[in-house]
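Please work through the following exercises with the coordinates at hand. Each task is followed by a solution in steps.

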Amino acid sequence: MELRQLRHFLTVAETLNFRTAADRLHMTQPPLSVSIRKLEEEIGARLFVRSTHSVELTPAGEAALEHARAAVFHAAELARVAESTAAGATGNLRVGFVGSAKNRLLPLLLRAFRRTYPGVTLKFTEDTNTGLIDSLERHTLDVCIVRVPLVRRSDLQYVTVEADRFVLALPKEHHFARQKRITLRDLADEPFIDYTQHAIPGLHALSTMLFREAGVTPKVTQEAVQVETVLFLVGSGMGVALVPSSAARKGRDGVEFRELITEVPQPRLGLAVAWNPRYESQAGRRFRALAEEVGTEAARP
């Protein structure tokens, strides 16, 4: 049984006239009659009662009519959905992100994506940089917002969509909170909250480099795997920390943010959209392109 035969059956059923049906189908009447006869033979039942002047559906034809309509409809839907998914307009997209992406970039991006591609279902995972990179390599996620630079060597590709820099996070009642600008040397004796090296190697390496250039060995008393956790510890009075400036935009209870004077120009850091080029879908490409567009807006004060 072929879809072509079902379309022939539906057209004859709608017109109850083989000549009219053949005209609609842009074919001659004899091939249409042959197609209907072969369909009846395959089904094992007569679909039409033919006479010299009329054509009528048999009870079997009446019973088959709705199923034939459904089959043709779903066949058309299959093609439409496949084409739409291939174009990135429908389907599923598994998105991973680091916690600090929630500060500004991710809300802007998701609103824009949902507005532009409402047919794509987004599934979210929050994780550390290391966890997100692992997931992209295993293809358990399609696209991720990660912290850059990426220290680990990988075949993944990424594009930075929000540039950033370090600022100092202080407990609200800290004696440095009265100062507007602070150097790293000022922090030599302060309890310092660092990033866990294996989970956030990029931020850990950059903060370590800045302290080394300043000739300071920080007194690390706590470590955390998320910027949000670092800020929680700072707000709880556990120490001071270097955090991306984007984290300061929302403000945090119990935390003050101050500009940082460094011995060398601050290294480039920020948020990037990363993907695995071996598995990138069209929906993933659209997500990435839209992220680049809204990244400029996210960077505005």
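The exercises below concern salt bridges, a helix and backbone geometry in this predicted model.

**Exercise 1.** Determine which residue pairs with Arg50 in a salt bridge, and state which parts of the chain the pair ties together.

*Solution.* 
Step 1. The partner of Arg50 is Glu40, with 3.5 Å between the closest N and O atoms.
Step 2. Arg50 belongs to strand β1 (residues 48–50) and Glu40 to helix α3 (residues 29–43), so the contact ties together parts 10 residues apart in sequence.
Step 3. Glu40 has a relative accessibility of 7% and is buried, whereas Arg50, at 35%, is partly exposed.
Step 4. Under the same rule, the model has a count of 13 salt bridges.

**Exercise 2.** Locate Asp142 and Arg94, and classify each as buried, partly exposed or exposed.

*Solution.* 
Step 1. The two side chains form a salt bridge with an N to O distance of 2.9 Å.
Step 2. Arg94 is in strand β3 (residues 91–97), while Asp142 is in the loop between α6 (129–138) and β5 (143–148); the pair therefore ties together parts that are 48 residues apart in sequence.
Step 3. Buried means under 20% relative accessible area. Asp142 has 15% and is buried; Arg94 has 26% and is partly exposed.

**Exercise 3.** Compare the span of helix α5 with the expected value, and list its buried residues.

*Solution.* 
Step 1. Helix α5 covers residues 105–116, which is 12 residues.
Step 2. From first to last C-alpha the helix reaches 16 Å, close to the 16 Å expected at 1.5 Å a residue.
Step 3. The buried residues in α5 are Leu105, Leu106, Leu108, Leu109, Leu110, Ala112 and Phe113.

**Exercise 4.** Identify the backbone features at Pro149, His26 and His139.

*Solution.* 
Step 1. Most residues other than glycine have a negative phi, and most peptide bonds are trans.
Step 2. The peptide bond from Val148 to Pro149 is cis, with omega near 15°; Pro149 is placed in the loop between β5 and β6 (157–164).
Step 3. His26 has a positive phi near 60°. His26 lies in the loop between α2 (18–24) and α3 and is exposed at 74% relative accessibility.
Step 4. His139 has a positive phi of about 65°. His139 lies in the loop between α6 and β5 and is partly exposed at 26%.

Notes:
Residues are numbered from 1 along each chain as its sequence is written. This is a predicted model: local features need pLDDT of at least 70, side-chain atom pairs count only at pLDDT 80 or more; totals for chains, interfaces and linings use all residues. Side-chain values use heavy atoms; hydrogens and water are left out. A salt bridge is a side-chain nitrogen of Lys or Arg within 4 Å of a carboxyl oxygen of Asp or Glu. Helices (H or I, at least four residues) and strands (E, at least two) are DSSP runs, numbered from the N terminus. Buried means under 20% relative accessible area, exposed over 50%, partly exposed in between (1.4 Å probe, protein chains only). The expected span of a helix is 1.5 Å times one less than its number of residues.
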